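Here is a short briefing on one structure. Start with the sequence and the model below.

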Amino acid sequence: MEVAPLLKSSAAAATLFNSGEAKFALRVSSSLVSCRRIGFGRQNASFIIWPVLFARPLTTDLPHGCGGSESKRRARGPVMAAAKKASDGGIKEEGKYKHTVDLPKTTFGMRANAVVREPEIQKLWEENQVFKRVSDRNTGRSFVLHDGPPYANGSLHMGHALNKILKDIINRYKLLRNYRVNFVPGWDCHGLPIELKVLQSMDEDTRRELKPLKLREKAAKFAKNTVNIQMNSFKRFGVWADWDAPYLTLFPEYEAAQIEVFGKMALKGYIYRGRKPVHWSPSSRTALAEAELEYPEGHISKSIYATFKIISSSSASPQLVEEFLPDLYLAIWTTTPWTIPANAAVAVNPELEYVVAELHHAPEDVTAPLRKQTKVGGFLKFSDTKCFVIVASELVPALESKWGVKFAVHKIFPGSCLENFRYAHPISGKECPVVLGGDYITTESGTGLVHTAPGHGQEDYITGIKYGLPIISPVDDEGKFTEEAGEFNGLEVLGAGNVAIVKYLDEQLSLVLEEPYKHKYPYDWRTKKPTIFRATEQWFASVDGFRDMAMDAIGKVNWIPTQAKNRIVAMTASRSDWCISRQRTWGVPIPVFYHVHSKEPLISEETIAHVKDIVSKKGSDAWWYMSTEDLLPEKYRQNASEYYKGTDTMDVWFDSGSSWAAVLGKRDGLCFPADLYLEGSDQHRGWFQSSLLTSIAATGIAPYSCVVTHGFVLDEKGMKMSKSLGNVVDPDVVISGGKNTKDQPGYGADVLRLWVSSVDYTGDVLIGPQILRQMSDMYRKLRGTLRFLLSNLHDWNLENTVSYTKLPKIDQYALYQLGNIVETIKDNYELYQFYKIYQIIQRFTIVDLSNFYLDVAKDRLYVGGTTSLNRRSCQTVLAEHLISIVSVIAPILPHLAEDVWQYLPFEYATEDGSAAKFAFEIKWPVPNKRWLQMPADDVDFWSLILELRSEVNKILENARVGKLIGSSLEAKVYLHSSDAGVASRLQELCLAENEADALHRIFITSQVEVLDSLNTDLSTRMPHTGKYSDPRSEIWIGVARADGSKCERCWNYTTQVGSFPEHPTLCARCYDVINIHPLPAAAGVS
Ligand SMILES: [Zn+2]
């Protein structure tokens, strides 16, 4: 597709040089050819103007520029070529009228040179405090986009770039819309990953000696360094924010606000301490939140089928199984054999059907179904007496095949009958009950009976609470069995402990069989090691206490995309109480004291207020270096010896989840709730949720009115980026270039930002070298269009503006289109649908505008006469386009917009009348109402003219290929319409009052004639014909050679050439121009 106002390919150049015009150019100066070959970028400013003149010879003229084979010849006068040659210092033998030609002129470079230019522009903004200045001067209400804090650990990746650039596009758009914008960037600075990085940087001896305060000091230093590195990258992306006053979760005022939130929740009764199974990472020795888990593919557990011997049936159904005792067993299945010591019950589903089945051993040789990795246990190998098992009825066939046995079913009954049966614990021998569980007991796998260890599983815990079962958890912080586990004491539950339990069960003839089982299993996202479920003493936020309020608030928030609402609803509805304590050092302390003897926690309004006060002044380090006595408020100080301070820190999600209180609620220029939160879709279970929960619990309302989520960034093939695959796209490399700038050129921030605008971020988005090249290409074309506009306004100022009513129709139509485009773009900014804006900009500024208006405009601009109405009206339209396009692209491409602005050849005033020195000092363009009020009839007619023009171009191309004409100016177009109305409107355009509306100018031919009839010699002998038809009308098109001779100045053919004795080589138009602007004219010639 060849639509840009620049030649790009050698194929295009070849087409050009085949043309008459180019042959002319070749003849007059062979140096021009070499100029093309070496490219324009390296030329000086005046030198590179030239291609713009000739760029339009090739246009596709198909709707939206699709297709590309049919390049059309356009013509420009020899004067322009000569003038160009003159400016190159070439011979001046030609172009008597070259001084009368208004050549485009600008020093705005065709190449962005973004690696150098963008930092210059950023410096300009910073030195002039443009962001603050514009925001302060805006008179609208404030708009608050609250920044979700990235974790201060490592360098930025493409996801960060997508996120912050999206935010910046929105903020900048709001600035143009007259909002006051205060964007406070944040960083999440506490937590295990940073603590681990600090620990990993030391040898073992140093680590052992390390005191908490020293560790915290090092962790803070590490976090602050990382913040600086990340901040520099964000700045380089072109993101505008209050970089001098970011929020860091380690700042004392932040920590104090967080403690205040904790206190409010505690005093409302939403915080409690309990022994409860939590995700525990033995490798990190801490509890983990759901958001800190990952479920890697390919985890294999050691699963076992085991039997527990029944002691007695229940009093409710005494006769049910009496006959099978004492050879009756409950069969269970588990993937965590190490939890058997903590077994407290076996649960069944009351709704399922269970059977008592007698086991018949199949002969050895027919136990073939047993898979290779399956190990048969003692229960099957050595029990030769009669034995009976209880399993779910539906699972009988599956178990027969798996165990390699036959079941003879003796009895069938519902699960409810099994309640309160008693069995002997397979290790301790203690009597345990059969209990009724819930829907989680299914027949998808296992036996339909669930080994229940309330200390090691969420559902087991709930069932345990219901039946008052003991919550046993004989496992320590490192994941080793404690003394409570008897002979297994000291063994790692995920290693030797698990093996030992299986072996023990086997020896006790309880093990049926053991086999590997592949399933999803939670891993610690940092250490990449498996976690366990383990009951510990932890602090919890009781989500149950405010779930209804949270659900209610979710309904009032605007979620974009809308399906995001379903995700947050599902996650909030199903989430269990939030474990907020961590047994780590690098964090905000849970501000609780415990009684030395009773271990009762002490939290009161006074203790919270006192600790908060201390932390706000001294930071949370004070919790470690101050004595309990000093940390306690007056009221308790006398009994300080009866208390000790807790050592738990808060879950980092509580840190970031309190940002609404620490930032929105505390800083000037911000408001609570925020207008917008915008983060990746993983934050539904992360920051969106933790912020919602703390805000609801403490204030009763959601911290945001609107939430936008974006997907993940994948490579061009849709693969996740990873170092091992070598497909990582680094935003800094995209901007500044890689080691090998040929493979990894520095595209600049705007190309990256253009990419951000181009993707539908509501799903996962793709990026890679190919996509970046496309973006760079689009950027270059857009820059070319803007450069064309700048260069043709070099002698313009706003006083030259032609009033709307005096504009030719073609100009009014151009403004009608511009007005509509601006409105549509505005609507899409409001909906945060940037990819639609990208598409509109691409189609409008690069294809539509270049193919039609700018193409036709060149004649008026270059040879229409410097101060003629014809040229000034065109410049009026160009100026409107330039200002509007700069404004609408500015949120996405701020550097390009500013670059253009700095080269603006005329002054543009802000609302208060002062000159706008920076692009963002102007407001969003408000199209003149009259532009949009063009009569529907006219709009319809002009869209017909545009389509007709495409058809005419096709026939001109045929005529050119058939050697009838060289350039389109050598042609005369004949039209005929049987529709009288259409015919008369076409006729009107041929005789247009305004030169610019003349149909032959619009077609860029020398003449157009509307025929009354087709039954004439002329029409039947027409060498090239075609037809335009649409539901409105059918128009016959004919192309022949133009009448008369060629005007020396503008190359149009006319019979008038020769009628002016003093200028025998000029057409009437040029004669007039020359007369009004006698030689020599200065414009355009250096
Ligand atoms: Zn002329």
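Rings of Phe, Tyr and Trp (its six-membered ring) pair if their centres lie within 6.5 Å. By that rule, ring pairs link Tyr173, Tyr761, Tyr829, Tyr832, Phe834 and Trp924 into a cluster. The model is predicted.

**Aromatic pairs**
- A search of the whole structure finds 43 aromatic pairs.
- Tryptophan 187 and tryptophan 243 form a tilted pair, because their ring centres are 6.4 Å apart and their planes meet at 45 degrees.
- Tryptophan 187 is in strand E4 (residues 186-187) and tryptophan 243 in the loop between helix H11 (212-236) and strand E5 (247-248), so the pair ties together parts 56 residues apart in sequence.
- Tryptophan 187 is buried at 0% relative accessibility, and tryptophan 243 is buried at 12%.
- Tyrosine 829 and phenylalanine 834 are also tilted, with centres 6.0 Å apart and planes at 55 degrees.
- Tyrosine 829 is buried at 1% relative accessibility, and phenylalanine 834 is buried at 1%.

**Charges over rings**
- The charged end of lysine 174 sits over the ring of tyrosine 179, 4.8 Å from its centre.
- Arginine 985 lies over the face of phenylalanine 941, 4.4 Å from the ring centre.

**Zinc site**
- Cys1047, Cys1050, Cys1067 and Cys1070 coordinate the zinc ion through SG, at 2.1 to 2.4 Å.
- Their spacing in sequence is C-x2-C-x16-C-x2-C.
- The arrangement is tetrahedral because the donor atoms subtend angles of 106 to 115 degrees.
- Cysteine 1047 is buried at 0% relative accessibility, and cysteine 1050 is buried at 3%.

**Isoleucine 840**
- Isoleucine 840 lies in helix H30 (residues 834-851) and is buried, at 17% relative accessible area.
- Its contacts beyond four places in sequence are Ile821, Thr824, Ile825, Asn828 and Thr845.

Terms used. Residues numbered from 1 in each chain as written. Predicted model: local features only at pLDDT ≥ 70, side-chain atom pairs only at ≥ 80, totals over all residues. Heavy atoms only, no water. Donors = N, O, S within 2.8 Å, 3.2 Å for Na, K, Ca; no water. Tetrahedral: all angles 85-135°; square planar, octahedral: opposite > 155°, others 65-115°. Buried < 20%, exposed > 50% of the residue type's maximum accessible area, 1.4 Å probe, protein only. Helix = DSSP H or I, 4+ residues; strand = E, 2+ residues; numbered from the N terminus. Contact = heavy atoms within 4.5 Å. Phe/Tyr/Trp six-rings, centres within 6.5 Å; stacked < 30°, edge-to-face > 60°. Lys NZ or Arg CZ within 6 Å of the ring centre and 35° of its normal.
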